[in-house]
Amino acid sequence: MAEPAAASPATSAATASAPASLWADLRHVALGNGLTVLALVILALIVVLGLIGPAIAPWDPLASNASLTLKPPSLPHPFGTDALGRDILTRVIVAARLDLGMAFGAVVLSFALGTALGAVSGYVGGLTDQIVGRVMDTIMAFPLFVLAMGIVAALGNSVGNIVIATAIINLPFYVRFARAEVNVRRDQTYVEAARMGGNGPTRILVVHIVPNILPAMMVQASLNLGWAILNAAGLSFIGLGVRPPTPEWGIMVSEGASYIFSGEWWTFTFPGMALVTAVFCFNLVGDGLRDIIDPRRRT
Amino acid sequence: MKTALTILRRIASAVPSLVGVVVVTFLLARALPGDPAAYYAGSSATPESIASIRAHLGLDRPLPAQFVDYVVRLFNGDLGMSVSSGKPVAEDLTTRLPASIELTGMALVFALVIGLPLGVIAATRPGRMADHVCRLIVTVGAAFPTFFVALMLMFVFYYKLGIAPEPLGRLSDIYYSLPPPVTGLLLVDTLIAGDLPAFVGALAQLALPSISLGLFALAPIARMTRAAMLTALSSDYCRTARAMGLSSGRIVFGYALRNALLPIVNVLGMVFSFLLGANVLVEQVFAWPGIGAYAVNAVIASDYAAVQGFVLMMAILYVLLNLAVDLIATAIDPRVRYDG
């Protein structure tokens, strides 16, 4: 899914699976959907590339070679070479770390901040709730990619600010989700019991409520990762954040785009396909995770 | 009477969003790195000249006063001067807006024309071929970045097959006489001028960009149509209609689709958010002379007034589109109409 899945708190009120049935669930989903398993395997591969990519890449991602410019795919250069004679396969592999890093960074930021803000405003209610809600509404009043552009333009053109901008435009989805999930639990008997036992509001939130909403929040996060990758790559495609010669999928597609009129298709196709593969796998795995943790939201 | 009141209330509910949007664009401008006064003063500035420019720009005044100033200038249609074009930002944006509207509008039409029937067919034949095609398009469509799709379409249809015209912006004035601008939308203007070849030319230029953009919006529309139609078709009233012996066409279009329209219209708000954002990327790829490509250049050139004006204009456009979606939902759903 390209969009962060819309929050549907009512249907996911009872989400936590008992650990005993988790393996059964996993096996059920895996058997029922081989594609999800395949996606998980490819995803693991991409993550490994992100971790150790620079060590195993066959060439130097930055070394240009004047005698090898714009060569089509061949055995020593399976993805061809770019305008400066750099090996595209190497650059695609090395870029995985930056692309995944930006997306993970953004999602972790909005996950942490969004859960905290949403949980507090859902539990406390009143003025806090209204203020947080208003601020989130205002973020949602912008076309999100446009707001991200504006934020990067305002904060400065750097990779860190791309992560911040992507986190900010994702924030409302987490806040609303966490708020709704906490809201339905606020007056449940186990929370009442904790309150009777003399626990303060902070302790009730952190120890009794938040752990219960975490599985559903994790599903949100995993569905959100593909979208975060697309967003960060889109920003660097238009020239924000990542600067050449840094290898990054979005900027590599943008660099390759100039050779479309002379037919050097490999310059933009391989980095683009890397993006598609990563996003596709994240979406499939996110859907699979949702099916396990929250079967009622299956579509 | 009650309907009019509901509509008025909907319109009023857009006001807080507009206020929020103006506040955020103002704050974004204030968060700018560096000192705008030093930026305008240039490299040979002395501290005195920077101070005088700061006073001239009103940057030495307290923040609330500056905000009032900003709002007053907004109401006069003053978005500041663009450093890169040397013209008022408002003028730049309004001359380029029709190109963006034409592109986004065509993309939406494309997405609806393909997405709605696809979703309906998938829902009426669950588990069959059409359903799988629908699911495939939805899943794959959501994973492909717009800019990559745009490049691939361009490569195949322009470079390989030679069907598409040169992907360099709108109708070229080398081959066609451009129609006198009435609406700024070339499709409309060429028809007003009665110039059929130019109309076809404009349509051909528009085809690839709007398809690339539309494919992105297709996924949520098809997915929501399918889900809403499935819900509607499994409802009691559809079962009753079937039991009464109504034709399946009557049930699908007269009963189910009519009821499924509300969630579909509601998802359009999100679709517009995608379209307006992805519009920037598509314009960049196709050298489309709209406000998106303008904004990209402005961001790269640190032309802050232009970026700020662009973000504000897009946000206002989006708030108004959401309002339109709300009003349409009111029009098609009596429950919303009589609500409260």
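This note goes through a predicted model with chains A and B, point by point.

1. Conventions. Residues are numbered from 1 along each chain as its sequence is written, and chains are lettered from A, with ligands numbered from 1, in the order in which they are written. Because the model is predicted, local features need pLDDT of at least 70 and side-chain atom pairs count only at pLDDT 80 or more, whereas totals for chains, interfaces and linings use all residues.

2. Chain A overall. The secondary structure of chain A consists of ten helices and zero strands, where helices (H or I, at least four residues) and strands (E, at least two) are DSSP runs numbered from the N terminus. Of the 299 residues in chain A, 51% are buried; a residue counts as buried if 20 or more other C-beta atoms, placed from the backbone, lie within 10 Å of its own, as exposed if 12 or fewer do, and as partly exposed in between. Among contacts in chain A between residues at least 6 apart in sequence, 73% join residues at least 24 apart, a contact being a pair of residues whose C-beta atoms, placed from the backbone, lie within 7 Å.

3. Chain B overall. Chain B comes to 14 helices and zero strands, and buried residues make up 41% of its 340 residues. Its C-alpha atoms fill a box of roughly 85 × 55 × 40 Å, taken along the principal axes. For contacts in chain B with a separation of 6 or more, residues 24 or more positions apart account for 70%.

4. The side of chain A that touches chain B. The contact between the chains involves 41 residues of chain A and 42 residues of chain B. On the chain A side, the elements that give two or more residues are α4 (126-140), α5 (144-155), α8 (201-237) and α10 (266-293), and α5(A) gives the most, with ten residues. By class, this side of chain A has 29 nonpolar, ten polar and two charged residues, with Ala, Val, Leu, Ile, Met, Phe, Trp, Tyr, Cys and Pro counted as nonpolar, Asp, Glu, Lys and Arg as charged, and the others, Gly among them, as polar.

5. Helix α10 of chain A. α10(A) has 28 residues and reaches 40 Å from its first C-alpha to its last, close to the 40 Å expected at 1.5 Å a residue, the expected span being 1.5 Å times one less than the number of residues. Because 22 of its 28 residues are buried, α10(A) is largely enclosed by the rest of the structure.

6. Packing of α3 on α4 in chain A. Helix α3 (residues 88-124) of chain A packs with α4(A) at an angle of about 140 degrees, with the axes 7 Å apart; axes are lines fitted to C-alpha atoms, for helices over the stretch in contact, and angles run from 0 to 180 degrees between N-to-C directions. That angle makes α3(A) oblique to α4(A), since angles under 35 degrees count as roughly parallel, over 145 as roughly antiparallel, 65 to 115 as roughly perpendicular and the rest as oblique. The contact is made by L117(A), V120(A), S121(A) and V124(A) of α3(A) with G126(A), T128(A), D129(A), V132(A) and G133(A) of α4(A), and by class it has four nonpolar, four polar and one charged residues.

7. Helix α12 of chain B. Eight of the ten residues of α12(B) are buried, so this helix is largely enclosed by the rest of the structure. The buried residues are I291(B), G292(B), A293(B), Y294(B), A295(B), V296(B), A298(B) and V299(B), and what covers them includes α5 of chain A together with α5 (89-124), α11 and α13 (304-332) of chain B. After α12(B) comes S302(B), with a positive phi near 55 degrees.

8. Backbone points to check by eye. The peptide bond from P244(A) to P245(A) is cis, with omega near 5 degrees, and P245(A) is found in the loop between α8 and α9 (249-256) of chain A. In chain B, A287(B) has a positive phi of about 50 degrees although it is not a glycine; A287(B) lies in the loop between α11 (248-285) and α12 (291-300) and is partly exposed, with 13 other C-beta atoms within 10 Å.

9. Surroundings of A164(B). A164(B) is placed in the loop between α7 (146-160) and α8 (186-192) of chain B, and is partly exposed, with 17 other C-beta atoms within 10 Å. Not counting residues up to four places away in sequence, A164(B) touches F157(B), Y158(B), A207(B) and L208(B).

Notes
Contact = placed C-beta atoms within 7 Å.
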